[in-house]
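Please look over the sequence and the model below before reading on.

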Amino acid sequence: MNRRFFSTALALAALSACTQTPARPYLPPSPVDRLGSLMEVSVVDRATGRELPVYRANGEYWVAGRPGARYAVRLRNRMGERLMTVMSVDGVNVLTGETAGVQQNGYVLSGGERADIAGWRKSDSQIAAFEFTANGNSYASRTGRPDEVGVIGVAVFRERVAPPPPPVPMPFPRRDGYSREESAPRGELEARNKSMAPSASASADSAAPGESSAMAQSRSQPAPSLGTGHGRRETSYVGHTTFERLRSSPDEVVRIRYDSRENLVAAGVIPASPAPRWPRPAGPSPFPASEAGYVPDPPPRY
């Protein structure tokens, strides 16, 4: 009995080894739509309202744009606090037009707020739309700065928040129900108030913040590019606010590169559509010869 059971177990083990699932073929990673942990960043096609897929290749993130299409950079604050974003397109600050640097002005978003940055800021009420265009037509190239065309950058800063003021001390009540100040002579109370007045005004003056100015994005719309052009004027309102950065270096930097779909397929960033497994025949023809006639004689045997 033991021998029979042992041989049966070996047969079952051999059968299971033969029926193992074959290894799956490699599939390239599927694209994502958004990047960033503090500030969620995506690129939106304004014609369709859809976020463009973001492809990862060789440590870079890429989106494919259509020449002539308008786009926007969509920001969503994932934190419960205010964040400041210094944003650049093609190496140019979208708010000020300067060659971009992380210490420049940017947009401030409240906790959980979302905004679509749709163009170059022209005033508190107008933008020039972002448009995907030929490299030489981009705003950066037309202003003599073609070296960084093809990249979108978002530098995110957290805010330095002043500690809350200490609680105001309450007067200590006497056992008979009256406070010490109530029991003090009136002249003494007035003298106390006068002595306290200068220090209060001095503390108010010192509390006035000397913070650098930033701009808050209230609402905006979207736009797309290969180099990014200086498109048509659109209405987009912003307000002004103050923001003190928690540190001088960004807490997060999101970088997205872009080009035409054809170029990204050629570079291997976007997988090419697979070729069919076998060529399909045209199919059998019911009438392969179209000439009319009668049945001919067969060839001679010898």
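Gly153 is buried, because its relative accessible area is 14% and buried means under 20% relative accessible area, exposed over 50% and partly exposed in between, with a 1.4 Å probe and protein chains only. This is a predicted model, in which local features need pLDDT of at least 70 and side-chain atom pairs count only at pLDDT 80 or more, while totals for chains, interfaces and linings use all residues. Residues are numbered from 1 along each chain as its sequence is written, and side-chain values use heavy atoms, with hydrogens and water left out.

Gly153 belongs to strand β11. Strands (E, at least two residues) and helices (H or I, at least four) are DSSP runs, numbered from the N terminus. Between the C-alpha atoms of Gly153 and Val102 there are 9.8 Å, although 51 residues separate the two along the chain.

Two or more lining residues come from each of β5 (83–89), β11 (151–158) and β15 (252–260). The most come from β11, which gives five residues. The volume of the largest pocket is about 270 Å³. On a 1 Å grid over the protein atoms alone, a pocket is an open set of points where a 1.4 Å probe fits, with protein on both sides within 12 Å along at least five of seven lines, and lining residues have an atom within 4 Å of a point. Grid points are joined across faces, edges and corners, and the volume is the space filled by probe spheres set on the points. By type, the lining of the largest pocket has nine nonpolar, five polar and two charged residues. Here Ala, Val, Leu, Ile, Met, Phe, Trp, Tyr, Cys and Pro count as nonpolar, Asp, Glu, Lys and Arg as charged, and the others, Gly among them, as polar.

Strand β15 also pairs with β3, in the parallel sense and over four bridges; two strands pair if DSSP finds at least two bridges between them. In this pairing Ala64 stands opposite Asp259 of β15. Strand β3 (residues 60–65) is mostly covered, with five of its six residues buried. β3 runs antiparallel to β2, and three bridges join them. Arg56 has Tyr61 in β3 as its bridge partner. The hairpin of β2 and β3 has two residues between the strands, and Asn58 there takes a positive phi near 55°.

Is Ala47 buried or exposed? Ala47 is exposed, because its relative accessible area is 66%. Its C-alpha atom is 7.1 Å from that of Arg70, which is 23 residues away along the chain.

Strands of a sheet pair through backbone hydrogen bonds, either parallel or antiparallel. Four bridges link β4 and β8, and Arg74 has Asp116 in β8 as its bridge partner.

A further open sheet has three strands in the order β9-β10-β13, and the pairing is antiparallel. At its edges are β9 (119–121) and β13 (227–235), each pairing on one side only. Here the twist averages 35° from one strand to the next. Strand β10 (residues 126–133) pairs with β13 over seven bridges, and Phe132 stands opposite Thr228 in β13.

The structure holds five aromatic pairs; rings of Phe, Tyr and Trp (its six-membered ring) pair if their centres lie within 6.5 Å, and planes under 30 degrees apart count as stacked, over 60 as edge-to-face and the rest as tilted. Tyr71 and Phe130 are stacked, because their ring centres are 5.3 Å apart and their planes are at 20°. Tyr71 is in β4 (residues 71–77) and Phe130 in β10, so this pair ties together parts 59 residues apart in sequence. Tyr71 is also stacked with Phe132, because the ring centres are 4.4 Å apart and the planes are at 15°. Tyr71 counts as buried at 0% relative accessibility, and Phe132 counts as buried at 2%. One aromatic cluster is formed by Tyr71, Trp120, Phe130, Phe132, Tyr139 and Tyr258.

Terms used. Axes are lines fitted to C-alpha atoms, for helices over the stretch in contact, and angles run from 0 to 180 degrees between N-to-C directions.
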